[in-house]
Every structure is written in structure tokens, then in C-alpha cells.
Amino acid sequence: MYRYPIDQRQLGEKKLVSTETVEYDGEVMKRDGVPVRRCSVLVTPPNDRPEVMEIEIPSEDPIEMAQLTPVVLDNLTVRSRVNQVGRLVIKLEADAIRIDQEAAKAEQVAKHGETPKPESPAVKPFAVK
């Protein structure tokens, strides 16, 4: 099976839609002994229409992120093979998925106008009873 790298800059914005554990015949699918999670990621290429891509990622723990969180995919690749029936099968795989801090911060600034400052617990006003 051939494995080709994907230039993520060509995909534009990437946002997580959902995740699930991959099962085959009732068994959790594993890659190198690690459970495989399927992530649906909404990609918005700069000059094309948005599309949802299904990407398989090995992860011991379930992937927990809010829906439509901007993400970065580590080592995103495409694998291709011909199955037993003679059809071409294409799979997208990545080594990891993480929050795109820069995109999340830019999105927050666009929404609220400025970067919110975390409140210090020492400065919070308290009520006197």
C-alpha cells in the first residue's frame, strides 16, 4: 500500500466535526496496537467548496474537542490500494490531531473584537453576607 503526504496548506481551514472509534467486525481497529479513531474534518480550500474528510488517527484516548474547533493534523497522508474486488480504496490518515491555537485565537478575536483576558482569582470581587 502506497502512502503519500498531503500539503495541508492546500486544504485551507480545517475544523473538527465529529470523532468515533473505528470498528471492524465488532472489534476495535488498531494500528501498531493503538485504537484508531475516525475524525470527520471540515476543510475549506481557498478557491473551492467546503468538504468533509474522514481521517483515521491512532489514539489511546478518545479525541475530545468541541465541534468546529480549528485543528492541525500531524503527518497527514493518503494511502491507496486495490481491494479484492478490484476497486481503488483511498484512506486518509494522520499521526495526531490537535487544536490550531493560532486559528482559534484569530477566530476568537474576530468574534469578540479582542482577546479576552483571563480573570485572576485574587482580583475577583466577592460578596459580603
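Guide: T77 lies in strand β9, which covers residues 77-82. Keep in mind that this is a predicted model.

Visitor: Is T77 buried or exposed?

Guide: T77 has a relative accessible area of 4%. Buried means under 20%, so T77 counts as buried.

Visitor: Which residues is T77 in contact with, leaving aside its neighbours within four places in sequence?

Guide: There are two stretches to look at. One holds R3, Y4, P5 and I6, and the other holds K91, L92 and E93.

Visitor: How many residues sit between β9 and β10 in the hairpin?

Guide: Five residues lie between the two strands of that hairpin. In the turn, G86 has a positive phi of about 95 degrees.

Visitor: Staying with β10, what about L88: buried or exposed?

Guide: L88 is found in strand β10. Its relative accessibility is 60%, and exposed means over 50%, so L88 counts as exposed.

Visitor: Which residues form a nonpolar patch with L88?

Guide: V82 and I90 do. Together with L88 they make a nonpolar patch on the surface, with about 330 Å² of accessible area.

Visitor: Different topic. Which strand does β2 join?

Guide: β2, residues 13-21, is joined to β6, residues 34-44, by eight bridges. The two strands run antiparallel, and K14 stands opposite V43 in β6.

Visitor: How many bridges join β5 to β6?

Guide: Two bridges join them, and here too the strands run antiparallel. β5 covers residues 30-31, with K30 opposite P35 in β6.

Visitor: What is in the hairpin of β5 and β6?

Guide: That hairpin has two residues between the strands. D32 takes a positive phi near 55 degrees there.

Visitor: And going on from β6, how does β6 pair with β7?

Guide: β6 and β7 (residues 51-58) pair over eight bridges, in the antiparallel sense. R37 stands opposite I57 in β7. The hairpin that joins β6 to β7 runs through six residues.

Visitor: How many residues are in the chain, and what share is buried?

Guide: The chain has 129 residues, and buried residues make up 26% of them. T77 is one of the buried residues.

Visitor: What about the accessible surface of the chain?

Guide: The accessible surface comes to about 9,700 Å². Carbon and sulfur atoms account for 51% of that area.

Visitor: Last one: what share of the contacts comes from residues 24 or more positions apart?

Guide: Counting contacts with a separation of 6 or more, residues 24 or more positions apart account for 59%.

How values were computed
Residues are numbered from 1 along each chain as its sequence is written. This is a predicted model: local features need pLDDT of at least 70, side-chain atom pairs count only at pLDDT 80 or more; totals for chains, interfaces and linings use all residues. Side-chain values use heavy atoms; hydrogens and water are left out. Two strands pair if DSSP finds at least two bridges between them. Helices (H or I, at least four residues) and strands (E, at least two) are DSSP runs, numbered from the N terminus. Buried means under 20% relative accessible area, exposed over 50%, partly exposed in between (1.4 Å probe, protein chains only). Contact means heavy atoms within 4.5 Å. Accessible areas come from the Shrake-Rupley method with a 1.4 Å probe; for residues, only the protein chains shown count as cover. Patches are made of residues with over 30% relative accessible area and no salt bridge: like charges are joined within 9 Å, nonpolar side chains (Val, Leu, Ile, Met, Phe, Trp, Tyr) within 5 Å. A salt bridge is a side-chain nitrogen of Lys or Arg within 4 Å of a carboxyl oxygen of Asp or Glu.
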